[in-house]
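User: I'm new to this one. Can you walk me through a few spots?
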Amino acid sequence: MTNLGSLGPTGPAPLDAAARSSMSGHVYDYIATGSGVEETLAANEAAWRDLLLRPRVLRDVTTVDTTTTVLGTPVSAPVLVAPTGYQRLVHPEGEVGMAAGSARAGSLLTLSTRATVTFEELVEVSGPWWLQLYILRDRGLTETIVQRAAAAGARALVLTVDTPYVARKARRTPFPPDVVSPVLVPELQARDDKGVWQDPGVTVADLAWLAEISGRLPLVVKGVLRGDEARACVDAGAAAIWVSNHGGRQLDGVVPTATALAEVRAAVPEEVEVYVDGGLRTGRDVLRALALGATATFVGRPAVWALAADGAAGVHDLLVSLRAELEEAMALAGCRTVAEVAPDLLHP
């Protein structure tokens with residue numbers, strides 16, 4: 001097992017404080033804020049804490065193994081990096097640092113379409129990665145991004161579906177567009193017109209189009225909170241469903257992801273992988289998510305705070321610490337492997 005004593009503070013408060021001290025106030029607020037009056041932002045974290053654990057005892061947990069796979073890719077733990085845009089706002093390394101730290105930790109990175117590095121910069125340092133995608137109003141530009149991502153080695157596409165429009169944020173801080181800009185492909189950087197905005201007309205029928213233009217990369221649909229819509233996406237060709245409310249940054253007052261997860265898991269076939277993000281802050285939260293049926297979890301803001309505080313090294317340390325916390329929680333709950341984590345670990 002990991003030597004837990006060798007790890008520094010890993011909770012959300014130390015990371016948040018370190019990040020806050022290392023960036024300008026309006027950049028911090030831009031990332032930290034939720035939409036509306038931040039009901040969902042607060043509820044996401046609280047919902048995980050409300051799930052009480054029922055550990056098994058008298059189990060041989062001499063050895064605990066956190067390794068697993070996502071869409072066939074081995075990872076060191078079911079703790080992966082969610083997509084966040086404009087990472088060079090918080091640290092000069094930006095997505096390159098996020099990718100390097102994730103790779104060193106044996107994790108997997110989801111790269112945002114609004115990334116501030118090119119595919120070429122990313123692949124020099126990255127381990128396995130997926131591309132988070134918006135279908136843009138300019139479908140030709142969307143196709144260009146998808147095809148170049150596939151050529152660069154993306155292992156899956158993650159289509160974000162909860163953002164037909166960008167919601168108003170609670171803290172209306174100025175966004176500094178002149179500081180950084182998306183540069184994944186030159187065409188994206190060069191344009192400043194409505195064609196680069198998300199297309200509000202996207203429907204489930206567009207999943208087949210994405211599969212066709214991507215060369216059949218696995219398609220993950222991110223932003224699903226309902227069982228019926230999860231099943232519709234799977235029926236339309238999605239390989240996996242990602243339960244997410246955009247970190248409380250879109251429609252405010254929606255169901256926390258910890259509450260939505262079980263319904264989504266129950267609605268899709270067992271072989272369909274289900275992921276979750278939103279408010280996960282500890283290894284115990286990861287254990288709870290696995291018990292609810294998640295294949296893996298993703299962290300967004302904590303990874304950004306870690307990047308802001310210490311670049312790639314900070315991201316590595318965060319992921320290693322969360323893995324160690326999960327390992328300890330699994331051992332104390334009587335689970336030797338991720339496969340042994342089951343719903344009976346949660347209090348009814």
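Analyst: Let's start with a term. Buried means under 20% relative accessible area. One more point: this is a predicted model.

User: OK. Is Cys-335 buried or exposed?

Analyst: Cys-335 counts as buried, because its relative accessibility is 0%.

User: And Cys-233, buried or exposed?

Analyst: Cys-233 is buried too. Its relative accessible area is 11%, and the cut-off is under 20%.

User: How many disulfides does the structure hold?

Analyst: The count is 0 disulfides.

User: Switching topic. Where does Thr-142 lie?

Analyst: Thr-142 sits in helix H6, which covers residues 139–152.

User: Buried or exposed, and why?

Analyst: Thr-142 counts as buried because its relative accessibility is 0%.

User: What is Thr-142 in contact with, leaving aside neighbours within four places in sequence?

Analyst: Thr-142 is in contact with Leu-133, Tyr-134, Ile-135, Leu-136 and Trp-209.

User: Now the helices. At what angle do H11 and H12 pack?

Analyst: About 60 degrees, with the axes 7 Å apart. H11 is residues 283–291, and H12 is residues 301–333. H11 and H12 are therefore oblique to each other.

User: Is their crossing left-handed or right-handed?

Analyst: The crossing of H11 and H12 is right-handed.

User: Which residues meet there?

Analyst: From H11, Gly-283, Arg-284, Val-286, Leu-287 and Leu-290. From H12, they meet Leu-322, Glu-325, Leu-326, Ala-329, Met-330 and Ala-333.

User: What does that contact have by class?

Analyst: The contact of H11 with H12 has 8 nonpolar residues, 1 polar and 2 charged.

Definitions and conventions. Residues numbered from 1 in each chain as written. Predicted model: local features only at pLDDT ≥ 70, side-chain atom pairs only at ≥ 80, totals over all residues. Heavy atoms only, no water. Helix = DSSP H or I, 4+ residues; strand = E, 2+ residues; numbered from the N terminus. Buried < 20%, exposed > 50% of the residue type's maximum accessible area, 1.4 Å probe, protein only. Contact = heavy atoms within 4.5 Å. Axes fitted to C-alpha atoms, helices over the stretch in contact; angles between N-to-C directions. Parallel < 35°, antiparallel > 145°, perpendicular 65-115°, else oblique. Left-handed = near helix turned anticlockwise from the far one by under 90°. Nonpolar A, V, L, I, M, F, W, Y, C, P; charged D, E, K, R; others polar. Disulfide = S-S within 2.5 Å.
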